[in-house]
Amino acid sequence: MGWDALQHWGVDATRLEPLAGGVANDVWSVRVNGDRAVARLGTRRDADLAWEANLLDYLSRHGLTVPVPIPTATGQLFAKGLMVMTYLEGDPPETAADWRCVADTLRKLHQMTQHWPQRPGWRSSLDLLHVDQGTKIDLTEMPPEGVARCRAAWARLAGRKTCVVHGDPNPRNIRMANGRVGLIDWDEARRDVPVLDLVLPHKAGGLFGEEHEIASQAASAWEAAVCWKDDYAVKRLAEVREV
């Protein structure tokens, strides 16, 4: 597996420059069929990549602005861990009004995917109340006290319906242009409780009081678990109150 897989998109497909923001993957701007695109090389399994590719295609066909997988010369949506997607122009949100538009877009995502299956191999925050592992998360690697705090935060979401969440709607993953909101980097997308997507700047997600506190605690717990054990994860766990 490597960048030689880019040849599946044509003999003229070329890498241009690395893009910031890739942690679990190697992300580059590329030129395919004469157009600028984004290529992401990682270690995801085929079933995982197929889930993401099918989701993005579905969302695009139903009106959301998302990167769309560009097929290989033989029609595949990915090859040897490499996925090539359309490039989205735009800038990160800045104002409270921008972030309210982001929240509206995320709610559309949630409404459109109530029927969508879980990403293969992944677990939701509610699942992790009863199991220890799921793709990037391994609770056995965390200190028991930290696991207890995370599970106490997730337990407050018990009984809620789930849908697809973007999983990481930070400014780097949002492109605003011409009055529309584009969502990029779906590497953390999964089926989970929708309020986890709505802990946004300016409280644009419409969460206030206890509801905001519940969602914030659950989101911090997720970030701590999924990133354990780097400095960022330790910082996020510190935000989760003690049991």
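A residue is called buried when its relative accessible area is under 20%, exposed when that area is over 50%, and partly exposed in between. Keep this in mind as we walk through the structure, which is a predicted model.

Cysteine 101 has a relative accessibility of 37%, so it counts as partly exposed. Its sulfur lies 20 Å from the closest cysteine sulfur, that of cysteine 163, which is too far for a bond. Cysteine 227 is in no disulfide either, as the nearest cysteine sulfur, in cysteine 150, is 11 Å away. With 23% relative accessibility, cysteine 227 is also partly exposed.

Next, look at helix H3, residues 144-155. Buried in H3 are Gly146, Val147, Arg149, Cys150, Ala153 and Trp154. These residues cover an arc of only 160 degrees around the axis, so they sit on the same side of H3. Helix H4 (209-227) and helix H5 (231-238) are among what covers them.

Trp154 also leads us to the largest nonpolar core, which has 55 residues; Trp154, Leu59, Leu139, Leu157 and Trp186 touch the most other members. Among the elements that give two or more residues to this core are helix H1 (46-61), helix H2 (96-112) and H3, while H4 provides the largest share, nine residues. Beyond its neighbours within four places in sequence, leucine 59 contacts Leu64, Val66, Leu109, Met112, Thr113 and Trp186. A second, separate core of 15 residues includes Trp3, Leu6, Trp28 and Leu82.

Note on methods: Residues are numbered from 1 along each chain as its sequence is written. This is a predicted model: local features need pLDDT of at least 70, side-chain atom pairs count only at pLDDT 80 or more; totals for chains, interfaces and linings use all residues. Side-chain values use heavy atoms; hydrogens and water are left out. Buried means under 20% relative accessible area, exposed over 50%, partly exposed in between (1.4 Å probe, protein chains only). Helices (H or I, at least four residues) and strands (E, at least two) are DSSP runs, numbered from the N terminus. The arc is that of the directions from the helix axis to the C-beta atoms. Contact means heavy atoms within 4.5 Å. A disulfide is a pair of cysteine sulfur atoms within 2.5 Å. A nonpolar core is a set of buried Ala, Val, Leu, Ile, Met, Phe, Trp, Tyr and Cys residues joined through side-chain atoms within 4.5 Å.
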